[in-house]
Amino acid sequence: METMIRDDVQALKHIQANLESCILGKSDEISLLLTAMLAGGHVLLEDVPGTGKTVLIKALAKSIHGQFRRIQCNPDLLPTDITGVSIYHPKDEVFIFRPGPIMTHILLADEINRATTKTQSALLEAMEERSVTVDGETHELPKPFLLLATQNPIDFEGTYTLPEAQLDRFMMKFSLGYPDAETETRMIISQSISHPLDGLEAVSDVEQILSLQQQVKQVHLEEAVAAYLVAITRATREHPSLYLGASPRATLALVQASKAYALLQQRDYVIPDDIKFLAPYVLGHRLILQAEARMEGASVSSVLQSVFQQVKVPVRWEK
């Protein structure tokens, strides 16, 4: 790719190789995570315990030499436990801001649906504005800032469902799932010798990630491909099986993700296949099925497949 510096290409390859050495057999999911990072978006990982979510996120932080913090979202977690608090210093007679764990490059919010709605809302400003406000004073977050939240899909007691407004702030939602038998065998053999994170080394830094995020903005989106993308999101708003379709924010998120994915593939232009690959992960958690459609066995995935069949793919465009 002509617009990418050779060092940046190598850095992306090394980061991906690092992650694939820690989480075996999950190349697509790793590509999604890197796409979200390059696009400056946040990720919701919905999966059962023990599938490697935390290892994957720690591996990413180590690979880019970024600051990493983890919060366990329990019901007694307060908003100030995340954002930080101002403490009065009697000697100087001033309030001093003590930053919370959100002041980091990569924040893992473990089991976010166990936190109360008030605590969940404390993340909204950080996700959207890249800043937090404490006692009327705004504090900028480090750049880049990436929130990776996890939630358990099978545990409902003591949990608080994420509201649609907050779900809409996550660029992507996906799961790792269980490995196949061959991959799991390789995993237990390799981890019986050492943990994959032990020997992991940084292969990039946060400054290079910021540079790559700027390059994402330069990726070309042809008008015909943009019209195809918009047709997909608009079709979800008119689909009879959906109560709630994709918002304009979802359209913008799909644009940014498609550009980032193209860059990850070492292209300086978006193709329709990028959009079709990413749409289920970018749009899926934003769509709500009609009750009747749900009772008839429809799913968000099946609705999106019908949308793809309905919307005509541009067969030719000029780069």
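Strand E2 (residues 68-72) and strand E5 run parallel and are joined by 5 bridges. This is seen in a predicted model. Within that pairing, Arg70 has Leu108 of E5 as its bridge partner. E5 also pairs with strand E8 (residues 146-151), again in the parallel sense, over 4 bridges. Here Ala109 has Ala149 of E8 as its bridge partner.

How many of the residues of strand E5 (residues 106-110) are buried? The number is 5 of the 5, so the strand is largely enclosed by the rest of the structure. The cover extends to both faces of E5: Ile106, Leu108 and Asp110 are buried on one side, and Leu107 and Ala109 are buried on the other.

Ile106 leads on to the nonpolar cores. In general, nonpolar side chains tend to be buried together in soluble globular proteins. The largest nonpolar core in this model has 66 residues, and the members that touch the most others are Leu19, Leu38, Leu60, Ile106, Met172 and Leu283. Helix H10 (residues 248-264) supplies the largest share of this core, with 10 residues.

Apart from neighbours within four places in sequence, Leu38 is in contact with Leu12, Leu212, Gln213, Val216, Ala260, Leu263 and Leu264. Gln16 belongs to helix H1 (residues 6-22). Is Gln16 buried or exposed? Its relative accessibility is 18%, and because buried means under 20%, Gln16 counts as buried.

Helix H13 (residues 300-310) has Val303, Leu304, Val307 and Phe308 as its buried residues. Viewed down the axis of H13, these buried residues fall within an arc of 145°, so they line one face of the helix. Among the elements that cover them are helix H9 (223-238), strand E10 (242-244), helix H11 (272-283) and strand E11 (288-289).

The structure holds 2 aromatic pairs. Ring pairs link Tyr261, Phe277 and Tyr281 into a cluster. Another ring, that of Tyr269, has Arg267 over its face, at 5.8 Å from the ring centre.

Technical notes. Residues numbered from 1 in each chain as written. Predicted model: local features only at pLDDT ≥ 70, side-chain atom pairs only at ≥ 80, totals over all residues. Heavy atoms only, no water. Helix = DSSP H or I, 4+ residues; strand = E, 2+ residues; numbered from the N terminus. Buried < 20%, exposed > 50% of the residue type's maximum accessible area, 1.4 Å probe, protein only. Core = buried A, V, L, I, M, F, W, Y, C linked by side-chain atoms within 4.5 Å. Contact = heavy atoms within 4.5 Å. Phe/Tyr/Trp six-rings, centres within 6.5 Å; stacked < 30°, edge-to-face > 60°. Lys NZ or Arg CZ within 6 Å of the ring centre and 35° of its normal. Arc of directions from axis to C-beta. Pairing = 2+ DSSP bridges.
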